[in-house]
Amino acid sequence: MTTPALVLSSVLFAIGVFGVLTRRNAITLLVSVEIMMNAANINLVAFSRVHEPAAMTGQVFALLGIGIAACEAAVGLALILAVRRRFGGTDVQSIDLLKG
Amino acid sequence: MSLQDSLFAGFGLIAVVGALYAVITRSLLRAIVALGAFLTAVAGEFYLLSADFVAVVQIFVYVGGILVLMLFALMLSASGVRHPLAAIDRPGLGAVLAYAIGGGLVWASWTAGTFVPAELPEDAVGALGRALLGTQLGPFELIGVILLASVIAALSIARREQP
């Protein structure tokens, strides 16, 4: 079942890329990034079964990836709240303080 | 097609539809709920790929933690419930790039050859725990430090500035 998992994770990653490229709301951007991280985790878990399953390296890396995603969501959502307070909205196009 | 294969296909379908809906819908609340369906389906895929513990952690951390955090952010920023989101920006460019990346990845995984899944050890969760506290102890300790740092960072960023 490795190849179907790889294909599934490729499709999910492409959907995440589409979301990051086309959405303008910061929270939707975060949702798209989470979709991409989940696609990567599916890949890690699928290969964990193929490559030395007794060492469990792939599953450990998937767990670490979930932890990193939790950190990223916490900091990202705090940033979104700060941006919302400063600019009155979560549209990423409205953040233009550094624009020349 | 065995039961496992049909379950894999079903969870995969839920995941793809949920992800697509989360990416294209104009309601932020619906996007987050669709993300919940997607994350649960991915947990099912983990279980079918014989990663039971990762599936449970996915439910606990993603569905129980990150999703609730996003709902809180939605409520605190209150920008999504009544006002619909802006329409998709430059969908053509995004679709072309996503299609190129996704097509390339699917082609690469399809032509990567056949993989033979090896037998898992008898006590898979025990082996995972021994790996976490044995050979992978360094990264496991580091992730705790990173979590602490990110919690402190989130608190200091989101704190209301003193007037």
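In chain B, 57% of the contacts between residues at least 6 apart in sequence join residues that are at least 24 apart. For chain A, residues 24 or more positions apart account for 47% of the contacts with a separation of 6 or more. These values, like those that follow, come from a predicted model, and the description below takes each chain in turn before it turns to the place where the chains meet.

Chain A has three helices and zero strands, so that its elements, read from the N terminus on, follow the order α-α-α. Its radius of gyration is 17 Å, well over the 13 Å that the globule rule gives for 100 residues, and chain A is therefore more spread out than a compact globule. Taken along the principal axes, the C-alpha atoms of chain A fill a box of roughly 50 × 25 × 20 Å, and of the 100 residues in this chain 59% are buried.

Chain B contains six helices and zero strands, and its elements run α-α-α-α-α-α from the N terminus on. A radius of gyration near 15 Å would go with a compact globule of 163 residues, whereas chain B has 20 Å. The C-alpha trace of chain B spans about 60 × 40 × 25 Å along its principal axes, and buried residues make up 26% of the 163 residues in the chain.

A residue of chain B that lies on the open side of this count is Gly138(B), which is found in helix α6 of chain B. Because Gly138(B) has 8 C-beta neighbours inside 10 Å, it counts as exposed. Gly138(B) and Ile14(B) are separated by 124 residues in sequence and, from C-alpha to C-alpha, by 36 Å in space.

How many residues of each chain take part in the contact between them? On the side of chain B there are 71 residues, and they are in contact with 62 residues of chain A. The helices α1 (3–24), α2 (28–48), α3 (52–77), α4 (91–110), α5 (124–133) and α6 (137–158) of chain B each supply at least two residues of the side that touches chain A. Of these, α3(B) gives the most, with 13 residues. Sorted by class, the side of chain B that touches chain A holds 57 nonpolar, 11 polar and three charged residues.

Helix α2 of chain A covers residues 26–50, has 25 residues, and reaches 37 Å from its first C-alpha to its last, close to the 36 Å expected at 1.5 Å a residue. The helix α2(B) has 21 residues and reaches 30 Å between its first and last C-alpha, close to the 30 Å expected at 1.5 Å a residue. The axes of α2(A) and α2(B) are 11 Å apart, and the two helices pack at an angle of about 5°. An angle under 35 degrees counts as roughly parallel, and that makes α2(A) roughly parallel to α2(B). In this contact Ile27(A), Thr28(A), Val31(A), Glu34(A), Ile35(A), Asn38(A), Ile42(A) and Val45(A) of α2(A) meet Leu28(B), Ala31(B), Ile32(B), Leu35(B), Phe38(B), Leu39(B), Val42(B), Glu45(B) and Phe46(B) of α2(B). The residues of the contact divide into 13 nonpolar, two polar and two charged.

In α2(B) the buried residues include Leu28(B), Ala34(B), Phe38(B), Ala41(B), Ala43(B), Glu45(B) and Phe46(B). What covers the buried residues of α2(B) includes α1 (2–22) and α2 of chain A, together with α1 and α3 of chain B.

Most residues other than glycine have a negative phi. Just after α2(A), however, Glu52(A) takes a positive phi of about 45°. Met56(A), although not a glycine, has a positive phi of about 60°, and its place is in the loop between α2 and α3 (57–87) of chain A. Met56(A) counts as buried because it has 29 C-beta neighbours inside 10 Å. With 18 other C-beta atoms within 10 Å, Ser50(B) is partly exposed.

Definitions and conventions. Residues are numbered from 1 along each chain as its sequence is written. Chains are lettered from A and ligands numbered from 1 in the order in which they are written. This is a predicted model: local features need pLDDT of at least 70, side-chain atom pairs count only at pLDDT 80 or more; totals for chains, interfaces and linings use all residues. Two residues are in contact if their C-beta atoms, placed from the backbone, lie within 7 Å. Helices (H or I, at least four residues) and strands (E, at least two) are DSSP runs, numbered from the N terminus. Ala, Val, Leu, Ile, Met, Phe, Trp, Tyr, Cys and Pro count as nonpolar, Asp, Glu, Lys and Arg as charged, and the others, Gly among them, as polar. A residue is buried if 20 or more other C-beta atoms lie within 10 Å of its own, exposed if 12 or fewer, and partly exposed in between; C-beta atoms are placed from the backbone. The expected span of a helix is 1.5 Å times one less than its number of residues. The radius of gyration is taken over C-alpha atoms; the globule rule is 2.2 Å times the number of residues to the power 0.38. Axes are lines fitted to C-alpha atoms, for helices over the stretch in contact, and angles run from 0 to 180 degrees between N-to-C directions. Angles under 35 degrees count as roughly parallel, over 145 as roughly antiparallel, 65 to 115 as roughly perpendicular and the rest as oblique.
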